[in-house]
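The sequence and structure come first.

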Amino acid sequence: MLLSDQTYATERGFILTDDIKYNTNAAGYLKAQSADGSWPDINYKDQTRGSWKPSWHLYRVLLLNRAYFKTHNQAYLAAAHKALHFWIRNDFHCENWWHNNINVPFAYSSAMLQIGDKADWQEMNYLNNVVTTRIPVHNPTGQNLIWQLDNEARVALIHNDYKAFAKAIAGMQDVITISTKEGIQPDYSFHQHGPMMQVGNYGLSFVNSLLFWMSVTAHTPLAFEQPRQQIVFDYCTEGLRWLIYKKEMDIPAIGRQLRINTGLKRGENLHELFELIKSFDKTLSCKTVIDGFADKNQSTCTMAGNKGFWASDYMVQLKKDHYMMSVKMHGPFVSRLEVATNAENLKGAFINDGLTLVQSSRKEYTNIPAVWNWTMLPGTTCDTTIDPGSKAALTSGNKGTFVGQVSDGHIGACAMAYERLNIKAHKSYFMVNDMLVALGAGITSPDNKNLVTTVDQSFHSGPIVKGNGWLWHDNKGYYFIDKDEQVKTRSEYRHSDWAGINRNGTENDAPVSGLVTTTYIGHNQNDSYAYIIKPDISLKQIKAKPAPDVKILANASDLQAISTATAVIAVFYEPGSLNASGTTIASNKPCMLICEKNKGKITGVWVSNPGRKKTSIELNIGGVKQTINMADDDMAGASVSVML
């Protein structure tokens with residue numbers, strides 16, 4: 001596998017993030033190599049924390065080795081030796097420990113594995129007395145621990161040390177668990193650096209690494225245990241798969257590593273990983289179908305529903321080939337996505353504050369982060385005069401204590417009491433009947449003059465058509481319930497490179513240009529909002545039916561609720577009650593509810609406790625009383641089905 005043109009494990013992940021780029025092939029690097037073994041285009045004094053240029057040197061060695069074993073041209077092997085000796089003489093170090101302890105040991109040990117007995121004594125001496133001593137990481141967890149064990153396994157193979165190799169493989173298996181510690185979460189999201197969603201970066205590298213070693217050890221005494229394999233498969237099919245729409249990963253799932261085409265690259269990588277998974281378990285069938293990728297089961301497999309990643313304050317509603325909706329929040333139990341880390345995500349201070357992306361064509365948001373107005377992110381309520389790159393914005397977080405979601409697997413809602421930078425609001429997002437209903441109430445700020453809630457900010461595509469209480473653009477319908485709302489829409493041409501949001505090796509990334517349309521609601525005269533977004537709808541359809549089938553039952557600081565023909569969804573920020581078509585629904589504790597209806601009668605209830613503390617919630621639904629004991633264990637915050 002190390003000699004194939006297909007990259008795996010850490011190498012695949014490093015290329016995936018654009019932290020390494022190849023501008024030619026092995027033949028080109030052979031020709032360009034200097035007499036001392038270096039390459040003139042690499043800045044060996046670079047100290048970029050992410051895309052550290054000196055490490056590119058070792059990855060070029062991997063290309064030279066592959067070319068040698070493919071062509072048996074001794075010139076490639078000689079060039080690889082020269083390059084390795086140049087590295088040994090200089091022993092380059094980065095200010096970021098990750099490169100010294102993980103990246104360099106990976107690349108160097110991989111090169112040694114490739115050349116095998118053709119390695120000379122100096123190369124082996126550097127491996128044994130320098131590289132190996134740097135592999136141990138201080139208190140590693142999650143993917144950082146997997147990276148360490150990955151490197152230990154490679155060194156063990158070089159030394160033909162079965163015992164050490166078996167220990168490293170066993171250690172990897174021990175990391176494959178479901179818990180609230182760093183790693184795979186009970187909702188199949190992924191955490192690293194504490195309770196922080198890292199599903200599209202560390203979480204994707206996790207699968208890249210483990211599937212490599214699962215493939216290497218398959219059908220041997222060291223093969224991964226079936227239950228451990230199943231956890232990895234379930235994480236992919238019940239977690240990662242929901243993040244991809246028309247080949248592209250959702251922006252908040254990517255985290256801090258926002259770069260050109262980064263979502264498409266992650267989608268492609270996940271598709272490759274699913275092909276590997278099929279070789280292990282051929283029974284998964286429809287569970288390995290990813291939206292947008294050709295598959296023999298694509299036409300017969302459906303994928304539609306609501307996926308609540310409650311452990312990460314993230315929710316997705318997806319209907320394959322038609323639309324994807326997502327909301328990302330944060331609060332007392334989930335940390336913000338990383339900002340200004342390794343010179344990445346420099347303006348993403350508000351990406352956790354209810355960012356709402358509703359996609360139909362998928363092109364609405366492809367590469368838009370480079371030209372986004374970061375104080376007007378879709379779904380957020382913000383003062384547009386705040387500098388998103390300021391210390392105040394980058395270091396503050398939501399102080400509201402009510403942040404949660406409820407889902408029955410088909411529909412769902414997420415909500416938060418928002419309190420940040422002197423702005424307060426109660427914000428809820430309901431995903432039901434192929435639409436998103438957004439409610440906001442109790443919105444306050446010391447100065448409301450520049451306070452807005454942004455409905456959408458996407459690339460412009462086609463005409464904007466306005467009707468009575470609605471707006472249509474790019475096959476999405478926008479409905480505004482309160483006719484007095486200060487709704488404004490503007491389109492403006494923008495042009496920007498990526499350095500404004502990511503200074504980590506983006507200097508050669510193509511700039512982004514385009515017309516961007518922003519729709520927003522001003523709060524200079526009102527403290528609430530209510531709007532609906534319906535994707536995958538034609539202009540003809542919205543004109544024929546200008547009002548969606550949903551009723552807003554409440555939009556206040558203590559209660560927000562909606563009703564459709566098939567469900568009532570309520571957010572009780574405080575104990576209270578509501579009337580839904582003659583049926584009283586009451587709760588004695590703050591909670592979130594989905595009441596499923598059939599022919600006007602409530603037939604099933606799902607409840608969640610955003611407080612995530614052990615408590616008993618007493619519900620009264622149409623005179624039927626029910627007490628639900630909510631746990632404070634690893635499933636705290638999850639939705640619970642209630643039998644009436």
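## Pairing criterion

Two strands are taken to pair if DSSP finds at least two bridges between them. The model is predicted. Strand β7 (residues 323–328) and β8 meet this criterion, pairing in the antiparallel sense over 5 bridges. Within that pair, V327 has T356 of β8 as its bridge partner.

## The sheet β5-β6-β7-β8

An open sheet is formed by 4 strands in the order β5-β6-β7-β8, with antiparallel pairing. The edges are held by β5 (304–309) and β8 (355–359); each has a single partner strand, so one side of each lacks a neighbour in the sheet. From one strand to the next, the twist averages 5°.

Strands of a sheet pair through backbone hydrogen bonds, in either a parallel or an antiparallel way.

## The annotated span 551–617

In an unreviewed entry, UniProt lists residues 551–617 as "domain: Polysaccharide lyase family 8 C-terminal". The span is 67% strand and 0% helix, and its end C-alpha atoms lie 26 Å apart.

Strand β26 (residues 591–598) pairs with strand β27 (residues 601–608) in the antiparallel sense over 7 bridges. K597 has I602 in β27 as its bridge partner. The hairpin of β26 and β27 has 2 residues between the strands, and K599 takes a positive phi near 55° there.

What other strand pairs with β27? Strand β30 (residues 640–642) does, in the antiparallel sense and over 3 bridges. In β30, V640 is the bridge partner of V607.

Notes:
Residues numbered from 1 in each chain as written. Predicted model: local features only at pLDDT ≥ 70, side-chain atom pairs only at ≥ 80, totals over all residues. Heavy atoms only, no water. UniProt positions renumbered as here; feature names shortened; annotations may be inferred. Axes fitted to C-alpha atoms, helices over the stretch in contact; angles between N-to-C directions.
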